[in-house]
Amino acid sequence: MKYAFAHRGGRGHGPDNVLPTFTEALVRGASGLETDAWVTADGIVVLDHDGVHQRGRNEVPITEVPRNELLAHIPSLADLYATCGTDFDLAIDVKGKDAENAILDVAQAHGAANRLWLFTPTTMRPGRVRPAHGGATLRRDQLRNKKLRRAVLLQLMAQGTEVVNARWPLWRRSAIDDVHGLGMLAFAWDVQSSIALRRCEVIGIDGIFSDHIDLLHKARADIRS
């Protein structure tokens with residue numbers, strides 16, 4: 001296994017997507033972080049999972065709210081780099097149309113684009129990715145239906161996708177072989193137990209996302225062995 005990411009900064013030791021949680025994950029030895037990114041109404045990349053802002057009794061999409069109206073605990077991507085540096089892999093679940101471009105601009109400004117991984121659903125047309133690494137998250141039917149899987153993977157390869165991502169129980173050795181055969185990597189998310197990690201190792205997964213730093217350490221031990 002080559003890569004291991006602390007999901008939302010490592011939900012096992014702190015709240016989602018906040019600077020103290022990201023910082024603690026790196027202190028505990030995580031080599032990669034994962035988060036979700038949106039672009040505010042005034043063009044700032046911010047890190048939040050749900051992407052909604054409470055305005056009175058109404059929930060408003062973050063994409064319709066300026067940065068200065070958001071809750072103080074929601075960091076920007078620039079805040080993350082300013083606080084944590086750039087010596088880690090960063091996987092971002094891209095939220096919203098054309099957000100990749102804004103995300104990549106921030107990463108390039110901090111000299112961190114080569115360790116940035118941008119993941120979009122297969123239903124979203126990818127924007128500008130390079131020099132970051134582009135990934136796609138697949139649904140159950142796109143992995144389990146062999147004919148559909150082949151068509152989807154060929155399309156992703158043609159788009160320059162480097163990583164195929166799916167929830168860990170959906171992966172089978174045959175699907176991973178197909179992904180590897182087309183020169184792409186296979187990542188698994190929601191790896192929350194030693195049993196799940198072991199299965200990922202056995203079937204040849206290249207990278208995992210987990211809430212728990214101890215599992216990331218086990219994955220890293222496999223990398224070093």
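Biologist: Where is the place of V45?

Modeller: V45 sits in strand β3. Strands are DSSP runs of E with at least two residues, helices are runs of H or I with at least four, and both are numbered from the N terminus. This is a predicted model, in which local features need pLDDT of at least 70 and side-chain atom pairs count only at pLDDT 80 or more, while totals for chains, interfaces and linings use all residues. Residues are numbered from 1 along each chain as its sequence is written, and side-chain values use heavy atoms, leaving out hydrogens and water.

Biologist: Does V45 count as buried or exposed?

Modeller: V45 counts as buried, at 3% relative accessibility. The cut-offs are under 20% relative accessible area for buried and over 50% for exposed, with partly exposed in between (1.4 Å probe, protein chains only).

Biologist: Which residues does V45 touch?

Modeller: Leaving aside residues up to four places away in sequence, V45 touches A37, W38, V39, S76, L77, A102, I103 and V106. A contact here is heavy atoms within 4.5 Å. V45 and I103 are 58 residues apart along the chain, and their C-alpha atoms are separated by 6.3 Å.

Biologist: Which residues of α3 are buried?

Modeller: In α3 the buried residues are A99, E100, A102, I103, L104, V106 and A107. Among the elements covering them are β2, β3 (45-47), α2 (77-84), β6 and β7. Just after α3 comes G111, with a positive phi of about 70 degrees.

Biologist: How many residues has the largest nonpolar core?

Modeller: The largest nonpolar core has 60 residues, and L77, I103, L116, W171 and I208 are those with the most contacts inside it. Such a core is a set of buried Ala, Val, Leu, Ile, Met, Phe, Trp, Tyr and Cys residues joined through side-chain atoms within 4.5 Å. Helix α3 (residues 99-109) gives the largest share of this core, 6 residues.

Biologist: And a second core, what does that include?

Modeller: The second core is separate and has 8 residues, including A91, W117, F119 and F209.

Biologist: Back to L116, then. What does L116 touch?

Modeller: Apart from residues up to four places away in sequence, L116 touches Y81, L90, I92, I103, L104, A107, A132 and H133.

Biologist: Changing topic, which residues lie nearest the centre of the largest pocket?

Modeller: They are E34, D93, T137, N165 and W189, out of 16 lining residues. Strands β2 (32-39), β6 (89-94) and β7 (116-121) are the elements that give two or more residues to that lining. A pocket is an open set of points on a 1 Å grid over the protein atoms alone, where a 1.4 Å probe fits and protein lies on both sides within 12 Å along at least five of seven lines; lining residues have an atom within 4 Å of a point.

Biologist: T137 and A151: how many residues apart are they along the chain?

Modeller: They are 14 residues apart, and their C-alpha atoms are separated by 15 Å. A151 lies in helix α5 (residues 146-158) and is partly exposed, with a relative accessible area of 45%.

Biologist: What about L143, buried or exposed?

Modeller: L143 is buried, at a relative accessible area of 1%, and its place is in helix α4. Beyond residues up to four places away in sequence, L143 touches L138, R149, A166, L170, W171 and A175.

Biologist: Which are the buried residues of α6?

Modeller: Helix α6 (residues 173-181) has A175, I176 and V179 as its buried residues. They lie on the same side of α6, because they cover an arc of only 100 degrees around the axis. The arc is that of the directions from the helix axis to the C-beta atoms. The cover over these residues includes α4 (140-144), α5, β9 (163-167), β10 (185-189) and α7 (194-203). G183 follows α6 and has a positive phi, near 80 degrees.

Biologist: And which are the buried residues of α1?

Modeller: Those of α1 are T21, F22 and A25. They fall within an arc of 100 degrees seen down the axis, so they line one face of α1. The face turned away from the buried side carries the exposed residues P20 and V27. Just after α1, G29 takes a positive phi of about 105 degrees.

Biologist: Where is S31 found?

Modeller: S31 is in the loop between α1 (19-27) and β2, and counts as buried at 19% relative accessibility. Not counting residues up to four places away in sequence, S31 touches A4, F88, D89, R115 and R220.
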